[in-house]
Amino acid sequence: MTYDLLIALVGFAFVSSITPGPNNLMLMASGANFGFRRTLPHMLGISLGHAFMVSLVGLGLGQIFDLYPLTELILKVVSTTYLLYLAWKIATAAPPREGEARGKPFTFLQAAAFQWVNPKAWYMAVHAVTNLSPEGGGLGPAFWVAGVFAMTNFPSIMVWATIGTQVKRLLSRPHLLRLFNGVMALLLVLTLYPVWLG
């Protein structure tokens, strides 16, 4: 991999990882509702799950959209349905009463699996492999791109979980936490706009 290509890949991985999207909005909500430590498996699931996706796309999985165009529509429908379900769960998450359990954050496996129905994760993977991968294809370049994404993605998404934990201090009153969860749910729904626009 040339130096220029590496810089371009790191830049794309950073910008696409730190900008708002389903993963980051869910991490912010998780940080606010569960704290940083309990959100850590969610963060690891995103970074490693997406890196695994990138490596498979680099090995040829991304060509499925060219071979079977209907798969793109199926992905859109499944993604939309699941994201609407998650938005509803966030919006209706009731603030816990004192001494009451407050639900569970995403596990590592849930977060890793979510990447497969996350439209932004697919875009990031396909764009990086198509435009920023070393020439030649195969295992080596696929792992290069996946490794860069994993190392760049994790510190980027940590920012969102940290913001959530800081916001948590301002949400000590139940009605404020309800309002925050409602706003996060609405923003999650709005991330679907580019999915159907393109």
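N181 has its place in helix α9 (residues 174–190); helices here are DSSP runs of H or I with at least four residues, numbered from the N terminus. This is a predicted model, in which local features need pLDDT of at least 70 and side-chain atom pairs count only at pLDDT 80 or more, while totals for chains, interfaces and linings use all residues. Residues are numbered from 1 along each chain as its sequence is written, and side-chain values use heavy atoms, leaving out hydrogens and water.

**A closer look at N181**

- Is N181 buried or exposed? Its relative accessibility is 1%, so N181 counts as buried (under 20% relative accessible area, with a 1.4 Å probe and protein chains only).
- Beyond its neighbours within four places in sequence, N181 is in contact with N33, I90, A91 and A93, where contact means heavy atoms within 4.5 Å.

**Helix α3 and its end**

- The 23 residues of α3 should span 33 Å at 1.5 Å a residue, and its end C-alpha atoms are 32 Å apart, which agrees; the expected span is 1.5 Å times one less than the number of residues.
- After α3 comes G60, with a positive phi near 120°.

**Helix α7**

- From its first C-alpha to its last, α7 reaches 18 Å with its 13 residues, close to the 18 Å expected at 1.5 Å a residue.
- Which residues of α7 are buried? They are P119, A121, W122, M124, A125, A128 and V129.
- These buried residues pack against α1 (3–18), α3, α4 (64–67), α5 (70–91), α8 (139–168) and α10 (193–197).

**Where α3 meets α7**

- Helix α3 (residues 36–58) packs against helix α7 (residues 119–131) at an angle of about 45°, and their axes are 9 Å apart. Axes are lines fitted to C-alpha atoms over the stretch in contact, and angles run from 0 to 180 degrees between N-to-C directions.
- The two helices, α3 and α7, are therefore oblique to each other, the class left over once angles under 35 degrees count as roughly parallel, over 145 as roughly antiparallel and 65 to 115 as roughly perpendicular.
- On the α3 side, the contact is made by H50, M53, V54, V57 and G58, and on the α7 side by A121, W122, M124, A125, V126 and V129.

**Where α3 meets α8**

- What is the angle between α3 and α8? They pack at about 155°, with axes 8 Å apart.
- Helices α3 and α8 are therefore roughly antiparallel to each other.

Note on methods. Buried means under 20% relative accessible area, exposed over 50%, partly exposed in between (1.4 Å probe, protein chains only).
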